[in-house]
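Trainee: Before we start, I would like each label tied to the rule behind it.
Mentor: Then ask about the labels one at a time.

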Amino acid sequence: MNPFTYTRTDDPAAAVKQVSGDARAAFLAGGTSLLDLMKLRVESPAQLVDINAVPLNKIEATDGGLRVGALVSNTDLAYHDAVRKDFPALSEALLSGASPQLRNMASVGGNLMQRTRCYYFRDGISQCNKNRPGSGCAALEGFNRIHAVLGGSDQCIATHPSDMAVALVALDAVVKVRGPKGEHSIKAADFHLLPADKPERETALEHGELITAVELTRSPLAARSHYLKVRDRASYEFALASAAVALEIKDGVISAARLALGGVATKPWRAFEAEKALVGQKPTEAVFAAAAKAALKDAKPQKYNGFKIDLAQRTIVRALTTVGGMP
Ligand SMILES: Cc1cc2nc3c(=O)[nH]c(=O)nc-3n(C[C@H](O)[C@H](O)[C@H](O)COP(=O)(O)OP(=O)(O)OC[C@H]3O[C@@H](n4cnc5c(N)ncnc54)[C@H](O)[C@@H]3O)c2cc1C
């Protein structure tokens with residue numbers, strides 16, 4: 001690990017000022033992601049600003065739903081009564097991630113900002129355009145079984161690892177941000193960026209901007225949501241394919257649908273075309289299969305990850321069947 005300074009603050013303005021004023025400063029929340037990357041020498045901040053005392057750890061009811069502070073732990077969010085009742089996909093996504101101990105430490109803000117588990121990124125020595133822009137992407141010609149089939153570029157095919165973010169995208173969540181110039185909001189679907197020719201730029205946040213909260217809006221759609229994750233072992237593993245789905249069904253017909261995918265794309269992936277294929281249809285397995293096909297229509301497999309296309313489609317169909325009210 002490289003040497004670094006450590007400070008704490010309970011003032012969000014001071015935290016933003018400190019980090020935005022130093023290109024090598026970083027916020028520290030639960031530390032479950034950042035400290036690993038520091039030990040691996042993939043990240044080497046010169047200054048850590050511990051934000052755990054900043055009062056951002058409440059889940060509050062709003063007129064239309066919930067406001068979740070950025071420092072709420074993944075455990076507290078997953079087991080919150082209103083989350084389980086009104087946003088079940090979010091609770092399920094959180095509980096499918098990491099382990100109980102990690103979820104106790106992991107924060108909402110840190111979960112959104114976690115970085116890819118691509119082994120060429122994490123080994124710190126391979127060619128990686130995220131680590132060293134312009135150095136190349138070892139995954140493109142390497143062992144790319146866990147990599148993306150959607151949203152990749154000739155610079156990067158690393159998948160986004162977060163389960164929670166996939167559910168937030170399907171639930172139309174909004175990320176609240178505080179920066180040196182004030183506060184603003186970013187839709188969860190726009191929060192993460194495609195790699196294109198700048199894979200090192202992963203989110204819409206500017207350096208030094210602090211995530212303060214995530215806002216969720218209650219709806220019949222969100223209440224009928226579900227997250228399904230498929231992985232190499234039953235727990236403590238990242239997704240090979242996952243689906244967050246939400247359906248509103250009126251008079252036996254799907255009146256609204258949301259579908260987002262994890263494990264298969266370079267960012268939490270909203271499948272708009274699949275949603276269109278669902279709306280106006282009766283919930284049948286054939287309709288779900290057509291939607292799943294639409295979701296993966298533009299998939300580009302690499303040498304070792306072609307199986308993800310079929311796996312993701314099956315995951316979507318199974319998840320939709322769970323919320324579709326079918327026998
Ligand atoms: C062994 C292991 C298995 C895991 N398995 C899964 C899994 O299956 N699914 C899954 O989704 N995740 C998984 N994770 C990842 C885990 O969810 C993240 O490590 C965790 O959510 C990060 O939160 P944190 O508070 O610890 O972030 P930190 O490590 O403190 O920070 C991570 C990053 O976020 C930034 N940051 C933190 N808070 C803010 C904020 N409020 N505003 C702006 N930037 C901020 C930090 O500067 C840092 O860059 C796993 C992690 C481990 C170690």
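Mentor: Two strands pair if DSSP finds at least two bridges between them. Strands (E, at least two residues) and helices (H or I, at least four) are DSSP runs, numbered from the N terminus. This is a predicted model, in which local features need pLDDT of at least 70 and side-chain atom pairs count only at pLDDT 80 or more, while totals for chains, interfaces and linings use all residues. Residues are numbered from 1 along each chain as its sequence is written, and side-chain values use heavy atoms, with hydrogens and water left out.

Trainee: How do you know that strand 1 and strand 3 pair?
Mentor: The rule asks for at least two bridges, and four bridges join strand 1 to strand 3 (residues 47-50), running parallel. Across from Arg 8 stands Asp 50 in strand 3.

Trainee: Which order do the three strands of that open sheet take?
Mentor: The order is 1-3-2, with parallel pairing. Strand 1 (5-8) and strand 2 (25-28) each have a single partner strand, so one side of each is left without a neighbour in the sheet. Neighbouring strands here are turned by 25 degrees against each other on average, direction ignored. Axes are lines fitted to C-alpha atoms, for helices over the stretch in contact, and angles run from 0 to 180 degrees between N-to-C directions. Helix 1 lies across strand 1, strand 2 and strand 3, at about 145 degrees to strand 2.

Trainee: What makes strand 4 and strand 7 edge strands?
Mentor: Five strands form an open sheet in the order 4-5-8-6-7, with antiparallel pairing. Strand 4 (59-61) and strand 7 (182-187) have a single partner strand each, so one side of each lacks a neighbour in the sheet. Strand 6 (residues 174-179) and strand 7 pair over six bridges in the antiparallel sense. Val 177 has His 184 in strand 7 as its bridge partner. Helix 1 (residues 12-20) packs on this sheet, touching strand 6 and strand 8 (210-217), and its direction makes about 75 degrees with that of strand 6. Contact means heavy atoms within 4.5 Å.

Trainee: Why is the pair of Tyr 119 and Tyr 120 called edge-to-face?
Mentor: Rings of Phe, Tyr and Trp (its six-membered ring) pair if their centres lie within 6.5 Å; planes under 30 degrees apart count as stacked, over 60 as edge-to-face and the rest as tilted. The centres of these two rings are 5.4 Å apart and their planes stand at 80 degrees, so the pair is edge-to-face.

Trainee: What makes the pair of Tyr 119 and Phe 143 stacked?
Mentor: Their planes are 10 degrees apart, and the distance is 6.5 Å centre to centre. Tyr 119 is in helix 8 (residues 119-122), whereas Phe 143 is in the loop between helix 9 (138-141) and helix 10, 24 residues apart. Phe 143 has a relative accessible area of 40%, so Phe 143 is partly exposed. One aromatic cluster is formed by Tyr 119, Tyr 120, Phe 143 and Tyr 304.

Trainee: What makes helix 5 mostly covered?
Mentor: Helix 5 (residues 88-95) has six of its eight residues buried. Among them are Pro 88, Leu 90 and Leu 94. Strand 9 (residues 225-230) is mostly covered too, with five of its six residues buried.

Notes
Buried < 20%, exposed > 50% of the residue type's maximum accessible area, 1.4 Å probe, protein only.
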